[in-house]
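Thanks for coming. I will go through one structure today, element by element, and keep to the geometry.

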Amino acid sequence: MKEITTDLLVVGGGPAGYTAAFRAADLGSKVILVEEHSKLGGVCLNVGCIPSKTLLHIAKVKEEVEHLNSLSIVNEKLSLNPKAAIKHKDSVINSLSLGLKALAKKRDVTVINGYGKFSSENSLVVEDTIINFKKSIIAVGSKPIRLPFLPDDKRILDSTTALELENPKANLLVLGGGIIGLEMTNIYEAFGAKITIAELGSQLIAEADSDVIEVYTKRLTPKLKNLYLNTKVTKVVADKKLIVHFENSEKSWTEEFDNVMVAVGRMPNGDLINAEKAGVNVTDKGFIEVNKKMETNQKHIYAIGDVIGQPMLAHKALHEAKIAAENQAGQDHYFEPKVIPSVAYTNPEIAWTGILEKEAKAKNIDYGVGMFPLAASGRATSQGVNYGLAKLIFNKENNIIIGGTIFAPGAGDLISEVCLAIEMNCDAEDIALTIHPHPTLSESIHGACEVYNKTVTDLLNT
């Protein structure tokens with residue numbers, strides 16, 4: 001076996017890994033980046049965030065055209081070509097992947113493709129190569145959870161295989177009513193699938209406030225074949241069809257499906273890299289514990305991204321990556337965000353951040369709510385949107401904003417203003433006195449503050 005040496009070894013080439021590698025290189029470190037697959041980008045770029053958002057954009061455009069059709073502005077019935085959609089999705093992935101490859105080359109980051117496992121506190125083996133390192137950053141991500149009672153059958157999909165749209169008009173069961181399940185529902189519904197969602201809990205997207213999700217669910221339900229809440233799937237039998245056994249508090253029953261898509265969460269890959277040989281502690285669930293400097297129990301080894309715990313979000317991982325890269329270079333930085341936003345890229349999107357109403361109640365915070373309906377927004381109405389809202393949570397002691405939820409087109413972009421306001425300790429008046437452009441959806445945030453302050457003129461003050 002050949003041996004090579006580097007200042008910093010980064011294990012994993014997803015958003016966390018390549019960001020850490022690039023930042024470390026900019027700070028003068030000699031960097032080797034080990035990635036299992038042939039392309040950089042990890043799950044997010046290759047089989048996650050980017051391809052799913054590409055297909056979601058197609059689905060959104062289709063829905064917008066259908067709205068115009070309902071107004072007789074467009075007179076042609078629209079149908080989607082799944083093969084062309086997949087070709088477009090792959091071209092987007094390839095373009096971004098080539099960009100990452102070029103950035104790595106220009107920074108003199110050495111990329112080694114292969115599955116790496118630690119062999120000691122300062123070495124890792126990839127294929128026939130031993131990499132000796134002074135410091136390392138672990139960014140090996142996560143994988144979809146597979147339920148143990150499911151048969152080994154290609155008709156059972158996860159968030160990766162579902163993106164290939166091999167049976168886009170299927171009678172499809174989506175197992176799990178969280179963000180991933182709902183995004184895939186949005187995609188498959190646009191391509192003509194008949195969709196049933198089975199969710200173990202009492203509402204879709206359990207972490208969000210129920211009043212917002214009720215509005216979303218009311219809009220979604222007519223597009224579904226069935227929505228089963230408080231429902232457990234106990235068994236799946238692979239026959240000519242997939243025979244699924246359901247159970248709730250009232251009854252048990254079976255139904256047949258062409259495909260089942262499992263979207264019940266993800267699990268970390270921390271137990272797959274022989275981290276114990278490097279002296280790194282890994283929990284029973286595969287997570288690697290770190291401090292606010294992203295250091296593991298071995299101070300020369302850092303860990304970032306999905307492998308260190310919830311929330312498993314790429315934007316969280318990107319910030320952790322820079323903290324780790326800067327600390328390994330001798331700086332003294334900490335990961336201490338007040339809030340981390342979450343987004344469901346459904347149509348429309350749902351985004352939330354900070355302390356939501358149900359959390360404020362649970363923590364006995366004396367809180368107030370400012371809620372602005374999009375039905376009162378000129379920009380929303382011009383887009384055919386007469387539903388949705390901006391909901392902000394304030395601490396009544398000082399009127400400082402502590403959380404918020406937006407259900408609107410582009411909510412994932414709009415939520416950034418709420419995040420910044422929380423980080424800056426803004427109160428309701430700070431935002432209400434900030435002039436927002438008209439007509440825009442961002443005015444709904446401004447309006448929610450005015451509702452809280454009882455200064456709103458687009459609605460009656462109550």
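This is a predicted model: local features need pLDDT of at least 70, side-chain atom pairs count only at pLDDT 80 or more; totals for chains, interfaces and linings use all residues.

Residues are numbered from 1 along each chain as its sequence is written, and side-chain values use heavy atoms, with hydrogens and water left out.

Helices (H or I, at least four residues) and strands (E, at least two) are DSSP runs, numbered from the N terminus. Axes are lines fitted to C-alpha atoms, for helices over the stretch in contact, and angles run from 0 to 180 degrees between N-to-C directions.

Start with helix α1, residues 15-26, and helix α7, residues 314-328. Their axes are 8 Å apart and the packing angle is about 30°. That is therefore a roughly parallel pair; the classes are roughly parallel under 35 degrees, roughly antiparallel over 145, roughly perpendicular from 65 to 115, and oblique for the rest. α1 passes α7 in a right-handed crossing, where right-handed is the near helix turned clockwise from the far one by less than a right angle, and left-handed is anticlockwise. On the α1 side the residues that meet α7 include P15, A16 and R23, and their counterparts in α7 include A314, L318 and E326. Contact here is heavy atoms within 4.5 Å. The residues of this contact divide into nine nonpolar, two polar and three charged.

I50, P51, T54, L55 and I58 of α3 make the contact with A85, H88, K89, V92, I93 and L96 of α4. By class, the residues of that contact are eight nonpolar, two polar and one charged.

C49, meanwhile, forms a disulfide with C44, with the sulfur atoms 2.4 Å apart. The rule is a pair of cysteine sulfur atoms within 2.5 Å, and by it the count comes to one. The S-S torsion is about -125°, so this disulfide is left-handed.

Now the sheets. Two strands pair if DSSP finds at least two bridges between them.

Which order do the strands of the parallel sheet take? It is an open sheet of five, β8-β15-β9-β10-β11. β8 (156-157) and β11 (226-228) are at the edges with a single partner strand each, so one side of each has no neighbour in the sheet. Strands β9 (171-175) and β10 (194-198) pair over five bridges, and N171 stands opposite K194 in β10. Helix α5 (179-190) lies across β8, β9, β10 and β15 (259-262), at about 170° to β10.

The antiparallel sheet is also open, with five strands in the order β18-β19-β22-β21-β20. Its edge strands, β18 (342-344) and β20 (367-373), pair on one side only. The twist averages 15° from one strand to the next. Helix α12 (443-453) packs on this sheet, touching β20, β21 and β22, and its direction makes about 135° with that of β20. Seven bridges join β21 (389-395) to β22 (400-408), and K391 stands opposite T405 in β22.

Key. Ala, Val, Leu, Ile, Met, Phe, Trp, Tyr, Cys and Pro count as nonpolar, Asp, Glu, Lys and Arg as charged, and the others, Gly among them, as polar.
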